Amino acid sequence: MDNKRWEAYFNLVNALLNCASDEELNRLLNTNQNLIDAKLVEMMGQVAEVLAKKGNDNSTNFLIYLVCQLSETLEFSPSTPSTSSLPSYESKLSFIKKILRSTLDSNGNSEIVYPILETNLELMDENLAQVMRCWITAILPDLQPKAALRTAEVIAEFSSLIRKFPLGNPPVNVEIAITGNEVAAKILTREAFPQQWAKLQNNLGTTYLYRIRGDRQCLQ
């Protein structure tokens, strides 16, 4: 990669980190389509690692989110410019934190969790699942074992709740539930937590049965 293109990547990453609004973010991405490729994603990951070591969690999580979003775009339509707006990262992340906290505080009481979901239906799309995956993956290395276990259990409980949630978009609710279970499985391993692992696998298997689109996957 020549120095000019490397500098262009670096400048774009810096500009994205300094965006003041979602509109500015989308405008930058749409006007720099020629720079959106695997090398840019690779650089974003490298910058995120540096920021993580410096303790800059907000910027780290934001870059991880962009890496996830752009990786999906490149995988499915590498030559097609994206004209759609990316969802609000901050609003979705705030919602995820709120709903997980409510799930924890209520011990998974649907009468408390469901009204919160109902008032935030506009945030409940597939991007929400991606934000949750990226955010949890980013914070896991810094969690103490007890905190990691509690986080995984809460995510698994929320996943069970949203699978059964009667409103919104049922296929998307299922995708969010699958993502949550998959994230929880990173912590609730068979070796470390056999009972929780068994329950999680049962929930994940049930959730796959409800999957309307995509391939039904076999559990190992």
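Predicted model: local features only at pLDDT ≥ 70, side-chain atom pairs only at ≥ 80, totals over all residues.
1. Two packed helices are described by the angle between their axes and the distance between the axes. Both pairs are treated that way below.

2. α8 with α10, geometry. Helix α8 spans residues 145-164, and helix α10 spans residues 194-209. Their axes lie 11 Å apart, at an angle of about 25°. Angles under 35 degrees count as roughly parallel, so α8 is roughly parallel to α10. The crossing of α8 past α10 is left-handed.

3. α8 with α10, contacts. From α8 come Leu149, Glu153, Ala156 and Arg163. They meet Gln196, Leu200, Thr206 and Thr207 of α10. By class, this contact has 3 nonpolar, 3 polar and 2 charged residues.

4. α9 with α10, geometry. Helix α9 covers residues 170-185. Its axis comes within 10 Å of the α10 axis, and the two cross at roughly 155°. The cut-off for roughly antiparallel is over 145 degrees, so α9 is roughly antiparallel to α10. This crossing, too, is left-handed.

5. α9 with α10, contacts. The α9 side consists of Val174, Ala177, Ile178, Asn181, Glu182, Ala184 and Ala185. On α10, the partners are Leu200, Asn203, Leu204, Thr207 and Tyr208. The class count for this contact is 8 nonpolar, 3 polar and 1 charged residues.

Notes: Residues numbered from 1 in each chain as written. Heavy atoms only, no water. Axes fitted to C-alpha atoms, helices over the stretch in contact; angles between N-to-C directions. Helix = DSSP H or I, 4+ residues; strand = E, 2+ residues; numbered from the N terminus. Parallel < 35°, antiparallel > 145°, perpendicular 65-115°, else oblique. Left-handed = near helix turned anticlockwise from the far one by under 90°. Contact = heavy atoms within 4.5 Å. Nonpolar A, V, L, I, M, F, W, Y, C, P; charged D, E, K, R; others polar.
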